[in-house]
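Trainee: Could we go through this structure together? I would like to begin with one residue and then turn to the chain.

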Amino acid sequence: FVGGFWVMALAQLGLREQAAAALERLAQANAHGDWRFTEWFHGKTLAPMGMAGQSWNAATFLLAQRALQGQGARW
């Protein structure tokens, strides 16, 4: 969720390369468990924690992707 807003902020500032890299990392995290969009990830191990299928988490990922749409994003 917060990662999606980070990507959007970077894109808004015109930092497209950094935003794309952050979106890539966010995609890797969210792809755990066949794109389960888990509630949160452990800060050190990145193990998925909490409940899966969090629509707010998926929504901010899609918004972040949209912020970079047409800018070389792969999703």
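Trainee: Is W56 buried, partly exposed or exposed?

Mentor: W56 counts as partly exposed, because its relative accessibility is 35%; buried means under 20% relative accessible area, exposed over 50%, and partly exposed in between (1.4 Å probe, protein chains only). This is a predicted model, in which local features need pLDDT of at least 70, side-chain atom pairs count only at pLDDT 80 or more, and totals for chains, interfaces and linings use all residues. Residues are numbered from 1 along each chain as its sequence is written, and side-chain values use heavy atoms, with hydrogens and water left out.

Trainee: Where does W56 lie?

Mentor: W56 belongs to helix α4, residues 55–68. Helices (H or I, at least four residues) and strands (E, at least two) are DSSP runs numbered from the N terminus.

Trainee: And what is the order of the elements in the chain?

Mentor: From the N terminus, the order is α-α-α-β-β-α, which comprises four helices and two strands.

Trainee: What box do the C-alpha atoms fill?

Mentor: Along the principal axes, the C-alpha atoms of the chain fill a box of roughly 35 × 25 × 15 Å.

Trainee: How much of the chain is buried?

Mentor: Buried residues account for 29% of the 75 residues.

Trainee: What about contacts between residues at least 6 apart in sequence: what share join residues at least 24 apart?

Mentor: The share is 40% in this chain, where contact means heavy atoms within 4.5 Å.
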